[in-house]
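Colleague: I would like a close look at a single part of this model, followed by whatever else bears on its side chains. Please keep it plain.

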Amino acid sequence: MSIVHYLLSTTPQWGHVKPLCIFATRIVQERESVIVTLMVSPNHLDKAFSEVSTQFTGPSQNKAIDRIRILSTFQDGDGPLPEIFARSTAAYEGYYRRLFEAKEVTCAVKGTVFESLPAPTAVILDLFCLAEFKIIQGISGSSVPVVIWVSGGISTFIRFFGDESIGGLGEFETKAIAEASRTGVPTVDVGVKILFEGEGKLLRIPGLPAMHDYEFCPQKPSVTHPVFVVLSSSAKYAYLPSWIGQYGLPTYDSPFCRLLKECQGIIAATPYALEETSINTAKSFWGEKKKEMYVVGPLLAPEPDPTTSKSSGDIENFLADKLQRFGEKSVLYISFGTAFWPMTPEYVEEVIDVLLEKQFPFIFSYASPVATISGELASKVNSSGIGLLSKWTPQPYILSHPATGWFLSHGGNGSITESLSNAVPLICWPFNADQPAAAAHLSENLQVGFELIEVRTGQSGLKPLHRTGRAPKGTREAVGLEMREVVDKCRGSKGEELRKNAEAVKVQLLGAWTDDGVAAKNLRAFLDKYSGHN
């Protein structure tokens, strides 16, 4: 039996790493001939090992887990995200060259030596690993196919990379260059305006309610210029200006690679149950460009384990107490993921004040490195008997607990999937990326959640929404009033309706990985295509 060797590489962001870890396990469980080399940043190395190990149960699967080789290519995973990006890129060339030359490789953190294997049969590479794609092309040319990994929502993938005919930005960097030439304004400033302020256009992306372009930026962005460069480079050739180096991103004198033009295929981690219309549109659009899309979501942990959190004892006790005192589905779980945090701390304080006032039990996870909880607020929560604050929490465990009834989330694709796979409806506080589209879709189309409107900030965020005509007031008082209304709805007939809808979505999600489920079929189609025997 000949070895099929896949190399999996992603960005140093847990929301991208986690589903890729689970996908790696699906591959080796499906085909005994497959060996996976999974590259992750040092700050995610132990979590990746843990995530992979939870997917294997029983002695019969011990050999399968041995076919996943997890390693870091550099040692220092601390510091701002752009710096970690830069270290990852700097180390990638040496490791990829050794893999392509069928040589052994060593984990830079643990010192584990992995024996030589045949060159990768295919590389599964994150959409935003731009420099890595250039390195792969430089070393192996077209001999090793590259399949792009998309961890976020497909409706936003269409928005950023699709043609205007399907609601996408189209040639947005070309527009920026032309406008800059006409006005004398720097190209990147024009690009930022297109991305974060919009042009007042009404977009009709299949699968989403109609939205103005500015609605995709409900919060004042903390980083803008690098985002424009990364997105334009992901889509097509673009020169990187010298200033990008200050953000830790690589610069080149030659054009960056056009990933979506030159890759061989696309793997989407989103589930059909959440985005069927958008997925069908994307598959058709990129299929016409000879880019097959394989949809493999949901990618979920099978059995949530509270011991993965150092504070799991406190969390278990808290949930048990609230289950006894308030009953099932009484607790609100709050998390903005590992990368996002509101720039308006007074809005966070107001939401917590409402929860305390309404006696709505909650667990608040504040994992972002920029998250701040004042001593006064922490003291208020800790003495309330209603809330629990934790720097990191075992999210799958909390969402699967019978005491948990709601999830206040930024609306990242992974969080949404985990929540609805447990039939837990959401309260969305979106920031950017795929979150604004998801919040609109969940609240308007699927009707499995509420979207907070008054928490919006910034020039774009304070403009009216197309679907309601409502513009946020931009005050703490308005945030409090809206949150009180949402809490009351959660506890009333509207909450019951959303939970019933979430139960229906759960059934669809869990059916995706049955033998004849859509995700299982897509996985087998990918493995058949990229087996090295075609």
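What volume does the second largest pocket have?

Modeller: The model is a predicted one, and in it the second largest pocket has a volume of about 590 Å³. Its lining consists of 24 residues, and those closest to the pocket centre are Arg26, Gln55, Leu300, Pro302 and Trp513. By class, the residues of this lining divide into twelve nonpolar, six polar and six charged.

Next, the aromatic side chains. A search of the whole structure finds 20 aromatic pairs. One of them joins Tyr92 and Tyr96: the ring centres are 6.2 Å apart and the planes stand at 5°, under the 30 degrees that sets the limit for stacking, so this pair is stacked. Tyr92 and Tyr96 both belong to helix 4 (residues 81–100), where they are four residues apart, about one turn of the helix. An α-helix has 3.6 residues a turn, so residues three or four places apart point the same way. Both Tyr92 and Tyr96 are buried. Elsewhere, one aromatic cluster is formed by Tyr6, Phe23, Trp149, Tyr294, Phe526 and Tyr530.

Charged side chains also meet rings. Arg159 lies over the face of Phe216, with 5.0 Å to the ring centre. Lys322 is placed over the face of Phe318, and here the distance to the ring centre is 4.1 Å.

As for cysteines, a search of the whole structure finds zero disulfides. Cys129 has 3% relative accessibility, which is under the 20% cut-off, and therefore counts as buried. Cys428, at 0% relative accessibility, counts as buried because the value falls under that cut-off too.

Burial also marks helix 16 (residues 413–420), which is mostly covered, with seven of its eight residues buried. The buried residues of helix 16 are Asn413, Ser415, Ile416, Thr417, Glu418, Ser419 and Leu420.

To return to the part you asked about: the second largest pocket, at about 590 Å³, has Arg26, Gln55, Leu300, Pro302 and Trp513 closest to its centre, and twelve residues of its lining are nonpolar.

Key: Residues numbered from 1 in each chain as written. Predicted model: local features only at pLDDT ≥ 70, side-chain atom pairs only at ≥ 80, totals over all residues. Heavy atoms only, no water. Phe/Tyr/Trp six-rings, centres within 6.5 Å; stacked < 30°, edge-to-face > 60°. Helix = DSSP H or I, 4+ residues; strand = E, 2+ residues; numbered from the N terminus. Buried < 20%, exposed > 50% of the residue type's maximum accessible area, 1.4 Å probe, protein only. Lys NZ or Arg CZ within 6 Å of the ring centre and 35° of its normal. Disulfide = S-S within 2.5 Å. 1 Å grid on protein atoms, 1.4 Å probe; cavity = no way out; pocket = protein on both sides within 12 Å on 5 of 7 lines; lining within 4 Å. Points joined across faces, edges and corners; volume = space filled by probe spheres on them. Nonpolar A, V, L, I, M, F, W, Y, C, P; charged D, E, K, R; others polar.
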